[in-house]
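This report describes side-chain contacts in one protein model.

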Amino acid sequence: MKSFFVTTETNNFPYVSKKEEGKEVLLGKVEERILAPQQNVRKEKRDELEVPLTANELKWATRFKNKECPKCQYIFEQIKGDKRCPECKSKIVVRVHYQTKEECLLTEAEVEEFNQLKESHSNIKWCLRECKKYDIPVSDFLNAWKVDSKEEAAFEVMWKYVSNLRPQYIEKGMLGSYRNTVLTQAESYNRRRMEEEAYKAFLNVGFWDTNGPTNTQTADGENKFECQNAPQPRQTLKKIKEYQDKNDLSFEQIEADYLLVADKDVYKNQLPLPVEQSWLYFLREYKKYLTELKINEQKAIRNQLV
């Protein structure tokens, strides 16, 4: 059995690559491929990527080693959960550090800063993970980002590398890989809370997904992006619905946004479906998703009443 790996973290999106040849082929839906044979396919554990702590983060270091009150430096023999210091009576909040995994004792005023650092660290780690997904050396990312750089710099470095790969994917006919870069862009906007940009980028993901989930290799070696009964990943539809609900958008407004985004896609002519037809495919899948949500909500209500 030849080895295959999924080129996207979206588990229900069936772009699959043949690793040893660097080609993308169709195996069907990702959930289905593990059945042939199931015992020979294992879910690989994601590698833990260590991101160097910035100087701002290192100021917490002594707190990880010494269980001391952040105000009066009273030393606790052990501490479980939030409590008040027996000496200065200040409230102590216990948090587990996101990378060292050791307990950190904080004042109430420090919790917000700690949470912000945690989120920033998570975003930098995500950028590093995305680089690794596209076979960009970890060392290249870390050297370009540099420790103590701002979080935004990590996104810029990551996207510089990924965007440089996009023309290569198109040239080689690796449209599935190009589609994955569109998803990376959408998730990047989402992590930075750029809501409108993320919404439009997820619409662009939907445009590519409506054009057929397969990137197949024909007999004569020519790459062909075929349009079939293309499913939409639920994470894409979920983000679009969240934006729709928050901004009270009508289906007519979503259609206008979709058509505008798809028409601006510089590679739309590489895809089999005209923009207007792809919208009909997308709308069908989106309404199907909304119906599923309503059914699940009704089931949950019935279960509560039983």
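Glutamate 196 and lysine 200 form a salt bridge through their side chains, at 3.2 Å from N to O. A salt bridge here is a side-chain nitrogen of Lys or Arg within 4 Å of a carboxyl oxygen of Asp or Glu. Both residues lie in helix H8, four residues apart, about one turn of the helix. Helices are DSSP runs (H or I, at least four residues), numbered from the N terminus. The model is predicted: local features need pLDDT of at least 70 and side-chain atom pairs pLDDT 80 or more, while totals for chains, interfaces and linings use all residues. Residues are numbered from 1 along each chain as its sequence is written, and side-chain values use heavy atoms, leaving out hydrogens and water.

By this rule there are twelve salt bridges, including those in the table.

| Pair | N to O distance |
|---|---|
| Glutamate 196 – lysine 200 | 3.2 Å |
| Glutamate 195 – lysine 246 | 2.6 Å |
| Aspartate 245 – lysine 241 | 2.5 Å |

Because glutamate 195 is in helix H8 and lysine 246 in helix H9, their pair ties together parts 51 residues apart in sequence. Aspartate 245 and lysine 241 are both in helix H9, four residues apart. Lysine 246 is exposed at 58%, whereas glutamate 195 is partly exposed at 39%.

Aromatic rings form another group of contacts. Rings of Phe, Tyr and Trp (its six-membered ring) pair if their centres lie within 6.5 Å; planes under 30 degrees apart count as stacked, over 60 as edge-to-face and the rest as tilted. The count comes to 13 aromatic pairs. Tyrosine 178 and tyrosine 267 have ring centres 5.1 Å apart and planes at 80°, so they are edge-to-face. Tyrosine 178 belongs to helix H7 and tyrosine 267 to the loop between H10 and H11, so this pair links parts 89 residues apart in sequence. Phenylalanine 282 and tyrosine 286 are stacked because their centres are 5.9 Å apart and their planes at 20°. Both residues are buried.

Key:
Helix = DSSP H or I, 4+ residues; strand = E, 2+ residues; numbered from the N terminus. Buried < 20%, exposed > 50% of the residue type's maximum accessible area, 1.4 Å probe, protein only.
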